[in-house]
Amino acid sequence: MARAAGATVYSPELLAARYGSRPFKVALRAGEVLSKLASFGVKVLLDERRGESSERRRARAVELRTIFTRLGPTFVKIGQGLSTRPDLCPAEYLEELAELQDSLPTFPDEEAFACIERELGFTLDSIYSTISPSPIAAASLGQVYKARLKYSGKLVAVKVQRPSIEKAIGLDFYLLRGLGFLINKYVDIVTSDVVALIDEFARRVFQELNYVQEGQNARRFKKLYADKQDVLVPDIFWDYTSAKVLTMEWIEGVKLNQQAVIESQGLKVLDLVNIGIQCSLRQLLEYGYFHADPHPGNILATPEGKLAFLDFGMMSETPEDARVAIIGHVVHLVNRDYEAMARDYYALDFLEPDVDVSPIVPALKNFFDDALNATVSELNFKTIVDGLGAVLYQYPFNVPAYYALILRSLTVLEGLALYADPDFKVLAASYPYFAKRLLTDPNPYLRDALIELVFKDGKFRWNRLENLLVQGRQDREFAAKDALQPVLKLLLGPGGEELRALVVKEAVRVTEAIAIGTLVDSYNAAPSFLKPLISSGNLAEPFKFSETEQEQMMELRDQVFRVWGLLRSSNNFDPSLLQPIVQVLQEPEARVLGSRVAGGVTQRLAARLLQQLLRT
């Protein structure tokens, strides 16, 4: 911590003081950026008009990578984001921009070694028994050497910061901030505070310049995932870490976009991508602490099939209210409850409490009714972002800064998935986690979301409950006991009268279906000579039900049995785990509820018997 005392911190005021009195330097940099990007754009347009875009695409991709590299770390970060978006960039651009992840130009090794000795206060010979003479990777903010510690013999990665990088990115963010002010003032279609978004991104980038902070981020991340057997986080060697030098455990692995290499090791890329998705969902929605820069250079597949996370410089946090609101938002999307979706934007801090959401509802309906031709799981993340983006532009939304980093993280993640499978759907892969959270999380907001999903329009949707259990069981942390007890506590709680009425009604239907279904099965299994006696000679219609009514009852019974079978066959299911539920059922409210169900069943069966007699 003493070594990190002089680390640079992002401050718009300091940037204004530094560059506000240097208009010539600012104008020079602005001219450099605009001239390079404008020249590239003109060339691409000319290629299109001449019909030469396909044959010149590789050359243009190399040119864009070179431009980003020469413009410096800020634009390298932009290129890294584009390199993981196969839905935005052609394959040639993806391959070239991927070089920006860890194959950037290096700075002199003498400067790097001098920085290590200056920062740590020791000579190289006293720290390492060996160190690579040149970097094994060069990223936007620093370069990495492979070394072996002298005192322990452990292999480590030593990251050394580029010299004078604070000044380079400081000037770029000063320019971007000025552009943000102009957008806020003159571009009406952008309702978000662009300056706030730039400040948030800049703050994260400047935090990446403090390697002690990055080490602390890694330690916190490792603590959260200490019990996850398929996630690997390297250890930090604090005695050899400072604001500009970071020493961490060496990890052997392959980047996730190197599909052929991964599969040659007997691993499946999609399995690793699924690990990454589940891990990211927990980061975003459970722990609220997430890796905001998961490009392929920062996520490796190890030979053991684990997913190793590297580079913890850019991290962010999701507020607790937003975490549950995002899950609820998905439920409302499945239900096509656009009014509830619009109200979610209050909890997500997108809208001020005094904003009327009623005009937003038709816009959501128009987009999602067209998009949801199949199911929600068929949507990709980009479709949702684009559709919601069109809505955001029309209404007074203010996108929080943390949400911009969530979008960046998820779009990068989807880009990694699309490398392995162009038809991959992130939402479909996310269902097991969402199902597990809805079924087991005692949070009142999520309990209400589960009720909305299962009790649609006052009717119990057994098929949805069955689907939730099928999906939830795919999550390793799903526990059947957790899916039962919180529901009963909610049902018998002080605010559960409306739910109790629905449950009583459904329990009567289920009991009738099981009783009638059992009678039908018994009749079908009876010997032929007994059937005339049972049916009074009417073999074709022993029970006076319409064919449709009988099919509905049999289907209901079968659905209930399937749901119970899913619970009972869960990996961690044990009848002794139901003891707490038995205790809940012994409470006075439960006995009253049982009496109401018994009375309803008696009345229903008596009515059914009278109906049979009258039909006869």
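Residues are numbered from 1 along each chain as its sequence is written, and side-chain values use heavy atoms, with hydrogens and water left out. Because the model is predicted, local features need pLDDT of at least 70 and side-chain atom pairs count only at pLDDT 80 or more, whereas totals for chains, interfaces and linings use all residues.

The protein contains 26 helices and 13 strands, taken as DSSP runs (H or I, at least four residues, for helices; E, at least two, for strands) numbered from the N terminus. Of its 616 residues, 49% are buried (under 20% relative accessible area; exposed is over 50%, partly exposed in between; 1.4 Å probe, protein chains only). Among contacts (heavy atoms within 4.5 Å) with a separation of 6 or more, 71% join residues 24 or more positions apart.

Helix α18 (residues 426–440) packs against helix α20 (residues 462–472) at an angle of about 115°, and their axes are 7 Å apart. Axes are lines fitted to C-alpha atoms over the stretch in contact, and angles run from 0 to 180 degrees between N-to-C directions. The two helices are therefore roughly perpendicular (65 to 115 degrees). On the α18 side, the contact involves Tyr431, Pro432, Ala435, Lys436, Leu438 and Leu439, which meet Leu465, Leu468, Leu469, Gln471 and Gly472 of α20.

Ile78 lies in helix α4 (residues 73–82). Ile78 is partly exposed, at a relative accessible area of 39%. Its C-alpha atom is separated by 9.7 Å from that of Leu100, 22 residues apart along the chain.

Methods: Angles under 35 degrees count as roughly parallel, over 145 as roughly antiparallel, 65 to 115 as roughly perpendicular and the rest as oblique.
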